[in-house]
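Here's a quick tour for anyone meeting this structure for the first time. Have a look at the model below, then read on.

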Amino acid sequence: MNSKRQIEIFSAGCSVCTEAIEMIKRTACPSCEVTILDMRDPDIARRAKSLGIRAVPAVVIDGTLADCCAGRGPDAATLRAAGLG
């Protein structure tokens, strides 16, 4: 059984977020389903808070906040180690 990885990118629409989104899209594999979530939406912001997100951009892979996003921002190597790609 081949299930898709759920990749959620929490973004505020800033240029740093845009760069991270493009890097993640380039790095994602065919079995990755990438979703962009707008932190300006109050429901998305509440969900982000429940996941422990304190800064954007932030990446959640299969429901778990990626280590790279717990304060430093995303990088490709750390995201690959977390299951992206």
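R46 and D43 are both exposed. In this predicted model, the two sit three residues apart in helix α2, roughly one turn of the helix, and their side chains meet in a salt bridge. A search of the whole structure turns up three salt bridges, listed here:

| Side chains | N to O distance |
|---|---|
| R46 and D43 | 2.3 Å |
| E8 and R47 | 2.8 Å |
| R40 and D38 | 2.9 Å |

The E8 and R47 pair ties together parts that are 39 residues apart in sequence, because E8 belongs to strand β1 and R47 to helix α2. E8 counts as buried, at 15% relative accessibility, while R47 is partly exposed at 33%.

Now for strand β3, residues 58–61. In a regular strand, side chains alternate between the two faces of the sheet. Here both faces are covered: A58 and V60 are buried on one side, V59 and I61 on the other. β3 pairs with β1 in the antiparallel sense over four bridges, and V59 is the bridge partner of I9. β3 also runs antiparallel to β4 (residues 64–65), joined by two bridges, with I61 opposite T64. These two strands form a hairpin with two residues between them, and D62 in the turn has a positive phi of about 50°.

What about the inside? The largest nonpolar core has 22 residues, and F10, I24 and L79 have the most contacts within it. Its largest share, four residues, comes from β3.

Technical notes: Residues are numbered from 1 along each chain as its sequence is written. This is a predicted model: local features need pLDDT of at least 70, side-chain atom pairs count only at pLDDT 80 or more; totals for chains, interfaces and linings use all residues. Side-chain values use heavy atoms; hydrogens and water are left out. Buried means under 20% relative accessible area, exposed over 50%, partly exposed in between (1.4 Å probe, protein chains only). Two strands pair if DSSP finds at least two bridges between them. A nonpolar core is a set of buried Ala, Val, Leu, Ile, Met, Phe, Trp, Tyr and Cys residues joined through side-chain atoms within 4.5 Å. A salt bridge is a side-chain nitrogen of Lys or Arg within 4 Å of a carboxyl oxygen of Asp or Glu.
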